[in-house]
Amino acid sequence: MEENREEEILNEENTRQTDEVSELEKLSALAEDYKRKWYSVSAEYDNFRKRNAQAVARAYQDGTADAILKLLPVSDTFGYALDSAQDEKTRAGIDKVIKNFNTILASLGVEEIVLNVGDEFDESVAEAVLNFPCGEGEKPNTVKQVLKKGYRSGDRVIRFAQVAVTI
C-alpha cells in the first residue's frame, strides 16, 4: 500500500510538472505571439510616420509653388514696365524691385528657367504658343522668341516658359 501511495505521489508530481511545463510552453508561445504583433504594429506605425512626414513636406511644397505661381504675373508686369520705361531713374527703380523679387524667389528655392533665342525647344520646360517658319540660317524646332519666363523649384516646373518656335 505504501508503494502504491508513493507511486501516486510520484505520478501526481510528474503530472504537475508536465502541467507546469505545458503551461510554461503555452505562456511562452503567447508571449512570442504578442512580441511578433508588437513588432508588426511598431513597423506599421514607423511607416505611417514616414509617409505622413512625406505628405506634409509635399503639401508644403505644393502650397509654396501655388503661392509663387500667383505672384509671377507681378514679376512679368515689372519686366514689361522696365522695357517701356523712358528715363534712367525709373528704369533703376524698377530694376531694384525686380532684383528684390528675384532674391526672394531664390531664397524659396525658385529659379528662372534660362532659355535663349536659338536654343533647341525643350517641351519639358517650355510650351510653344507661336510657330514661325524657319528663316534663312535658322534650324527647325528652335526658340525664336521668349514670351514669358519659366520658373522651377528643384526638379519641378512651377511655370513653363512660353516661347515662339520655328517650324
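Visitor: What volume of space lies in the second largest pocket?

Guide: This is a predicted model, in which local features need pLDDT of at least 70 and side-chain atom pairs pLDDT 80 or more, while totals for chains, interfaces and linings use all residues. Residues are numbered from 1 along each chain as its sequence is written, and side-chain values use heavy atoms, without hydrogens and water. A pocket is an open set of points on a 1 Å grid over the protein atoms alone, where a 1.4 Å probe fits, with protein on both sides within 12 Å along at least five of seven lines. Volume is the space filled by probe spheres set on these points, joined across faces, edges and corners, and for the second largest pocket the value is about 160 Å³.

Visitor: Which element gives the largest share of the lining of the second largest pocket?

Guide: Lining residues have an atom within 4 Å of a point; among them here are Tyr60, Arg156 and Ile158. Helices (H or I, at least four residues) and strands (E, at least two) are DSSP runs numbered from the N terminus. Strand E5 (156–159) supplies at least two lining residues, but the largest share, 6 residues, comes from H1.

Visitor: How many residues in the lining of the largest pocket are charged?

Guide: The largest pocket, of about 240 Å³, has a lining that includes Asp76, Asp83, Lys148 and Lys149. Asp, Glu, Lys and Arg count as charged; Ala, Val, Leu, Ile, Met, Phe, Trp, Tyr, Cys and Pro as nonpolar; and the others, Gly among them, as polar. Beside 6 nonpolar and 2 polar residues, the number charged is 4.
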